[in-house]
Amino acid sequence: MSSTIVYLLAASAVFGIGAYGLIVADHLMRKLLALNVMGSAVFVFILTVAGVTPEGPDPVAQALVLTGIVIAVAATAFALALMVRMHEETGLTSLTGDDDDD
Amino acid sequence: MSVGVLVDVMLALALVGLSLRVVTGRALFRDMVLFILFGLVISLSWSRLGAPDLALAEAAIGAGLTGALMLMAYRRLVEGGAEDSPGRRRSFLALPVGVLSGALVAVIGFAALGVERVPGAAGTLVLEELPGTGLGNAVTGVLLVFRGLDTMLEMTVLLVALLGAWAVLGEARPGRLHQVDRDTPLVAALLTSVSPLTLLIAVHLLLAGTDSPGGAFQAGAVLTGCGVLLVLTGTLRPAVAAGLVTKLLVIAGLTAFVLIGAGALAFGRPTMALPGTWAVYLIETAMMLSIAVTMTLLFARSRGLYPERR
């Protein structure tokens, strides 16, 4: 069993776990954590299914994932800004509409 | 089973276990810390997969920066009256979604089992053409020379994220951050020893990035670490409006990319054809500064920063 398949299977599991969390989680911060977990799984997936060269994984795939990591943190930062503003305006930290200290 | 595969299996199990805890844990604050740990395990996985550039980026950006941003946003929620470390509420969706997610894992996992690694056509081409660019690091080569447009647009996304965060800032209310007491010897020692060190590491990563693992993104993230430290200790204070220097620094990366990329047209060369290694260094330096300033502003949740005068 090669290490590639180990990471592929782990990425599949982590993606599923993240998808579950994204839908089921109540607190927006936890949804964001789940989304980031899913993103990491996708990045691992991309690199492990990408072609190989004598010097390691395909550098084009590596650059793609590097770009993805930076985009992910930019999107997360914006989402956090939205979340903090939403809490300032409404006092809520989830989308269910309940007050957040029940 | 060799030791290497054993390490891989342990890292993979850690990834699955940690993501499970992050997603379904009971204490939000603890699970955010575990998410940072998850990022570090991903970083180790990158180095096991033979991608040291990604390992550096993941440790600095994926784990470090994302974690810092999240913890800061969480503190703002708590300071604004949100429940500290709220538990998880049962959702009626938990069971059906759990079953569907399980099915999703089975389908992806089954597909993954059939994957065969083939020689990467694009990657092989990159390695063949790399000596002509004067760069030694194939990933930097792809980011700056072969797929420069992607990286330029990536800088645009970063800028748009900052503009978006500014747009939802509301009336600026800077200076609401709890500051640490800077008069204790520990904080002063931390500042004077760690700040120059992060600068040194950032510049090293930037320069090393052309030939070995590293580059503008990793360097920018490390520099952001310095900015975060300065903001937390009150050395840099959030300003109500962005000054000219801040604005210029924020757009520096994109501007350098556009000017040099479009300037190639004036010399009858294709767009984004960089004129030499000096252009790579110039663009990467500008990108590093833009990334660091943008991310520090996002962390401080302000439009500008000014140094505290004592």
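Student: Let's start with helices H8 (residues 185-208) and H9 (residues 216-232) of chain B. What angle do they pack at, and how far apart are their axes?
Tutor: H8(B) and H9(B) pack at about 170°, with axes 7 Å apart. This is a predicted model, where local features need pLDDT of at least 70, side-chain atom pairs count only at pLDDT 80 or more, and totals for chains, interfaces and linings use all residues. Residues are numbered from 1 along each chain as its sequence is written, with chains lettered from A and ligands numbered from 1 in the order in which they are written.

Student: What makes H8(B) roughly antiparallel to H9(B)?
Tutor: Angles run from 0 to 180 degrees between N-to-C directions, with axes fitted to C-alpha atoms, for helices over the stretch in contact. Over 145 counts as roughly antiparallel (under 35 is roughly parallel, 65 to 115 roughly perpendicular, the rest oblique). The angle is about 170°, so H8(B) is roughly antiparallel to H9(B).

Student: Which residues make that contact?
Tutor: Contact means C-beta atoms, placed from the backbone, within 7 Å. H8(B) contributes residues including Val194(B), Thr198(B) and Leu205(B), and H9(B) contributes, among them, Val222(B), Cys226(B) and Leu229(B). The contact residues divide into 13 nonpolar, four polar and no charged. Those classes are: Ala, Val, Leu, Ile, Met, Phe, Trp, Tyr, Cys and Pro nonpolar; Asp, Glu, Lys and Arg charged; the others, Gly among them, polar.

Student: How do you know that the span of H9(B) agrees with what its residue count should give?
Tutor: The expected span is 1.5 Å times one less than the number of residues. For the 17 residues of H9(B) that should be 24 Å, and the end C-alpha atoms are 24 Å apart, so the two agree. H8(B) passes too: its 24 residues should span 34 Å, and its end C-alpha atoms are 34 Å apart.

Student: Why is Val97(B) called partly exposed?
Tutor: Val97(B) has 18 C-beta neighbours inside 10 Å, so it counts as partly exposed. This residue is found in helix H4 of chain B. Leaving aside neighbours within four places in sequence, Val97(B) is in contact with Tyr20(A), Ile23(A) and Val24(A).

Student: How many residues are in contact between chains B and A?
Tutor: 86 residues of chain B are in contact with 71 residues of chain A. H3(B) gives the most to the chain B side, with 14 residues. By class, that side has 52 nonpolar, 20 polar and 14 charged residues.

Student: Where do the domains of chain B lie?
Tutor: Domain 1 is 1-87 and domain 2 is 120-310, with bounds that come from an automatic or database domain assignment. Their centres, taken over C-alpha atoms, are separated by 23 Å. Eleven residues of domain 1 are in contact with 14 of domain 2.

Student: And how many helices and strands does chain B have?
Tutor: Eleven helices and two strands, taken as DSSP runs (helices H or I, at least four residues; strands E, at least two) numbered from the N terminus.

Notes
Contact = placed C-beta atoms within 7 Å. Buried ≥ 20, exposed ≤ 12 C-beta atoms within 10 Å, placed from the backbone.
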